[in-house]
Amino acid sequence: MTTNDTTATSRRTVLAALGVGTLAAGGALTATGSAGATSARLPAALRPGGEFDRYLAQLARDDAFSGTVLLTHDDRTVLSRSHGLADLARGIPNGPDTLFALGSITKLFTATAIHQLAERGALSYGKPLKNYLPGFRPEVAESVTVHQLLTHTSGLGRPSINPPRPPGSEQWKTLDEIFTGTLDFIRGLPLNFTPGSRNAYSNDGYFVLAAIVAELTGQRYFDYVREHVFRPAGMSTAGFFTAAQWREDRRIAHPYDKSGGGWTDVIDMSDGAIIGSPAGGAFASAADLARFASAFQRNRLHSAAYTHLAASPKWPLAADNSFFEGYGPTTQYTNGRLSNGHNGGARGVSTNLDWFPGSGWTAVVLTNHEAAAVGVAHKARELITAAP
């Protein structure tokens with residue numbers, strides 16, 4: 001794969017490293033004031049040409065990374081790098097404005113919509129599903145709560161890896177067909193375990209949460225998120241797209257894995273798990289995800305109380321108490337410092353968003369190579385939390 005460091009991108013990156021660029025909502029970098037004090041606080045390892053930049057470039061040379069990485073500090077771009085191709089067949093390079101399938105980062109948007117409704121008094125985290133949606137089995141409707149759906153402790157849903165697809169789903173083309181058809185299928189599922197007794201990752205649980213959003217607002221889930229999450233966060237390019245749009249829109253990176261030996265476009269093998277999914281179906285640029293992290297932390301999506309509620313640990317996911325499930329965002333401790341965010345993965349899709357409360361740092365890793373974001377996100381997390 002090739003490296004795409006255009007002159008314009010490089011210039012913006014260098015300016016940003018000097019502290020003279022900010023992520024304007026929906027736009028490119030805009031000039032701000034003096035750079036001196038800001039630049040002095042930035043670790044050399046995270047600046048252009050530093051350890052992280054060199055690490056990323058080596059991965060790209062080894063054909064082990066294709067995508068876009070964005071590091072920001074106090075909403076100012078520190079490092080922006082794009083490598084590889086968004087579309088091998090058409091030779092379209094990845095760039096800072098490329099849209100990527102986000103996978104489970106989408107759950108952050110669905111959870112945000114739920115918290116907005118809770119803050120308005122439209123729902124209670126502790127009430128059972130029967131209060132909000134009809135049509136589920138009695139044992140599901142009477143025992144599964146919003147809290148459990150958010151924390152993956154509901155016992156409802158198919159396996160997250162290679163889930164069986166609903167009958168007839170190969171004929172679904174529109175977002176609404178996929179959404180409605182999948183929800184109807186989930187309504188017939190039994191519980192896998194007693195709700196609240198353990199944690200088991202459930203994409204289907206977030207489908208149900210999205211249906212609650214639609215039911216309580218009278219809007220399509222996609223429209224609600226666009227108006228009440230993407231718009232106030234300044235996420236001007238984020239959206240939900242069909243499989244046809246994913247194939248044809250030159251802005252969107254195609255997903256690739258090596259199931260066939262070389263890099264293979266796996267849109268047709270991925271879209272059943274992603275398209276139309278409130279658990280994994282959103283697309284966005286790296287800058288838009290940085291804007292979401294900023295809006296979340298600055299209480300532009302809900303009040304400070306609900307920001308704290310959403311991001312605080314709810315369920316331990318690691319024996320050493322380093323990783324916790326939250327109400328959408330996960331909480332992770334690295335080098336004794338906290339980060340919130342979410343990752344995402346599917347065939348040819350690998351993503352990660354981390355923000356580091358109190359430090360000003362945000363790290364976005366979006367790739368169109370399967371599993372490629374995992375090591376990159378870990379490296380960024382280690383370097384950011386090691387910084388003074």
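# A guided tour of the predicted model

Begin by selecting Phe109, Phe136 and Phe292, which touch the most other members of the largest nonpolar core, a set of 81 residues. A nonpolar core here is a set of buried Ala, Val, Leu, Ile, Met, Phe, Trp, Tyr and Cys residues joined through side-chain atoms within 4.5 Å. Buried denotes under 20% relative accessible area, exposed over 50%, and partly exposed in between (1.4 Å probe, protein chains only). Apart from this core lies another, of 21 residues, among them Phe52, Val69, Leu79 and Ala372. In soluble globular proteins, nonpolar side chains tend to be buried together.

The model is predicted: local features need pLDDT of at least 70, side-chain atom pairs count only at pLDDT 80 or more, and totals for chains, interfaces and linings use all residues. Residues are numbered from 1 along each chain as its sequence is written, and side-chain values use heavy atoms, with hydrogens and water left out.

**The whole chain**

Colour the model by pLDDT, the predictor's confidence in each residue, from 0 to 100. The protein averages 90, and 90% of the residues score at least 70. Next select residues 1-22, where the pLDDT is below 50; beyond near neighbours in sequence, this stretch has 69 contacts in the model (a contact means heavy atoms within 4.5 Å). Residues 25-37 also have a pLDDT below 50, with 30 contacts beyond near neighbours in sequence. Where pLDDT is low, the predicted coordinates should not be read in detail.

Now show the cartoon: the protein has 14 helices and 17 strands. Helices (H or I, at least four residues) and strands (E, at least two) are DSSP runs, numbered from the N terminus. Of the 388 residues, 55% count as buried.

**Phenylalanine 136**

Return to phenylalanine 136 and display its surroundings. Leaving aside residues up to four places away in sequence, phenylalanine 136 touches Leu129, Ala141, Leu156, Leu183, Ile186, Arg187 and Val208.

**The eight-stranded sheet**

Select the open sheet of eight strands, whose order is β4-β3-β17-β16-β15-β14-β13-β12, with antiparallel pairing. Two strands pair if DSSP finds at least two bridges between them. The edge strands are β4 (76-83) and β12 (315-316), each of which pairs on one side only.

Within this sheet, look at strand β3 (residues 67-73), which pairs with β17 in the antiparallel sense over seven bridges. Valine 69 has valine 365 of β17 as its bridge partner.

Proceed to strand β14 (residues 330-334), joined to β15 by antiparallel pairing over five bridges. Here threonine 331 stands opposite asparagine 340 in β15. The two strands form a hairpin with two residues between them, and asparagine 335 in the turn has a positive phi of about 55°.

The next pair is β15 and β16, antiparallel over seven bridges. Alanine 346 stands opposite valine 349 in β16. This hairpin also has two residues between its strands, and glycine 348 takes a positive phi near 75°.

**Helix α11**

Which residues of helix α11 (residues 267-274) are buried? They are Ile267, Ser270, Asp271 and Ile274. These residues cover an arc of only 110° around the axis, which puts them on the same side of α11 (the arc is that of the directions from the helix axis to the C-beta atoms). The face turned away from the buried side carries the exposed residues Asp268 and Ala273. Show also α10 (243-248), β10 (264-265), β15 (337-346) and β16 (349-356), which are included in what covers the buried residues of α11. Just after the helix, glycine 276 takes a positive phi of about 75°.

**Helix α12**

Select helix α12 (residues 286-297), where eleven of the twelve residues are buried. Among them are Arg291 and Phe292. Asparagine 299, which follows α12, has a positive phi near 60°.

**Two loops to finish**

Select the loop between β17 (361-367) and α14 (372-386), which holds histidine 369. At 0% relative accessibility, histidine 369 counts as buried. The C-alpha atoms of histidine 369 and threonine 264 are separated by 9.7 Å, although the two residues are 105 residues apart along the chain. The loop between β17 and α14 also contains alanine 371, whose phi is positive, about 70°, although alanine 371 is not a glycine.

Finally, select aspartate 63 in the loop between α3 (51-61) and β3. Aspartate 63 has a positive phi near 60° and, at 22% relative accessibility, counts as partly exposed.
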